[in-house]
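Here are some notes for anyone opening this structure for the first time. Have a look at the chain, then read the points below alongside it.

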Amino acid sequence: MNDFLIGIGKRLKDIRKKNNLTINDLAFKANVSNGLVSRIENGRTIPSLPVLLDLIQSLEIDASYFFEGVEKKSNAKFIYVPKESQQVIEKEVEAEGFKYMHIFSKSLHSLGFEAVLLTLEPNSKREKVITDAWEFKYILKGEVKYVIDNEEVILKEGDSLYFNGKFPHVPVSISNESCVMLVLYFYTA
């Protein structure tokens with residue numbers, strides 16, 4: 001997984017330089033700090049998925065193009081974003097009682113998009129499936145084990161997972177309570 005994350009930083013740096021952008025230019029366009037961009041490019045920090053997507057959009061490229069370059073350098077099958085790495089943002093200064101958690105909020109013009117809410121009941125069963133989409137999962141309630149190819153990751157309320165649906169995958173119930181997740185599918189247009 002570390003090779004995949006370092007690959008993201010290298011890919012970001014290569015595309016930024018190819019587009020003749022400075023770290024400052026990219027940071028300004030993505031509304032993040034210069035230091036954060038530098039740390040990501042040098043593999044010293046892992047960006048949250050929302051920050052990574054902001055950076056990709058600021059480079060004015062397709063997300064699929066960006067990840068194709070990373071995939072060739074690694075055997076990683078997913079990006080895991082724990083709840084702790086997400087950020088609360090102040091969206092409306094005058095609003096009271098509104099709390100926005102920035103988990104994933106980009107419209108990627110070059111990709112088809114589908115969103116569903118999935119409720120996984122206790123003791124549910126299904127074989128692994130394959131899709132022609134990149135998949136994003138956000139756990140709204142409960143917990144689940146996700147099996148992607150032969151790797152497993154436990155997701156709890158507030159956690160996110162992003163992966164290429166071409167790898168056989170299945171959510172597995174691991175609790176006596178239902179698990180509810182937001183599922184986003186991104187298809188190459």
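**Notes on salt bridges and a helix crossing**

1. Let's begin with a pair of charged residues: Glu135 and Lys137 form a salt bridge, and their closest N and O atoms are 2.6 Å apart. Keep in mind that this is a predicted model. As a general point, side chains of opposite charge can pair when their charged atoms come close.

2. Is this pair buried or exposed? Glu135 has a relative accessible area of 2%, so with a cut-off of under 20% it counts as buried. Lys137 is buried too, also at 2% relative accessibility.

3. How many salt bridges does the structure hold? The count is three. Another of them joins the side chains of Glu152 and Lys145, at 3.9 Å from N to O. Here Glu152 is exposed, with a relative accessible area of 52%.

4. Then there is Glu60, which forms a salt bridge with Lys29; the closest N and O atoms are 3.4 Å apart. This pair links distant parts of the chain: Glu60 sits in the loop between α4 and α5 (63–71), Lys29 belongs to helix α2, and 31 residues separate them. As for accessibility, Glu60 is exposed at 66% relative accessible area, while Lys29 is partly exposed at 40%.

5. Helix α2 (residues 23–30) and helix α4 (residues 49–58) have axes that come within 9 Å and cross at roughly 115°. An angle of 65 to 115 degrees counts as roughly perpendicular, so that is the label for α2 and α4. Their crossing is right-handed.

6. Which residues make the contact between α2 and α4? On the α2 side they are Leu26, Lys29 and Ala30, and on the α4 side Asp54, Leu55 and Ser58. By type, the residues of this contact divide into three nonpolar, one polar and two charged.

7. Finally, take a look at Arg16, found in helix α1 (residues 2–18). Its relative accessibility is 6%, so Arg16 counts as buried. What is Arg16 in contact with, leaving aside its neighbours within four places in sequence? The list is Leu21, Thr22, Ile23, Leu26, Glu41 and Leu59.

Note on methods:
Residues numbered from 1 in each chain as written. Predicted model: local features only at pLDDT ≥ 70, side-chain atom pairs only at ≥ 80, totals over all residues. Heavy atoms only, no water. Axes fitted to C-alpha atoms, helices over the stretch in contact; angles between N-to-C directions. Helix = DSSP H or I, 4+ residues; strand = E, 2+ residues; numbered from the N terminus. Parallel < 35°, antiparallel > 145°, perpendicular 65-115°, else oblique. Left-handed = near helix turned anticlockwise from the far one by under 90°. Contact = heavy atoms within 4.5 Å. Nonpolar A, V, L, I, M, F, W, Y, C, P; charged D, E, K, R; others polar. Salt bridge = Lys/Arg side-chain N within 4 Å of Asp/Glu carboxyl O. Buried < 20%, exposed > 50% of the residue type's maximum accessible area, 1.4 Å probe, protein only.
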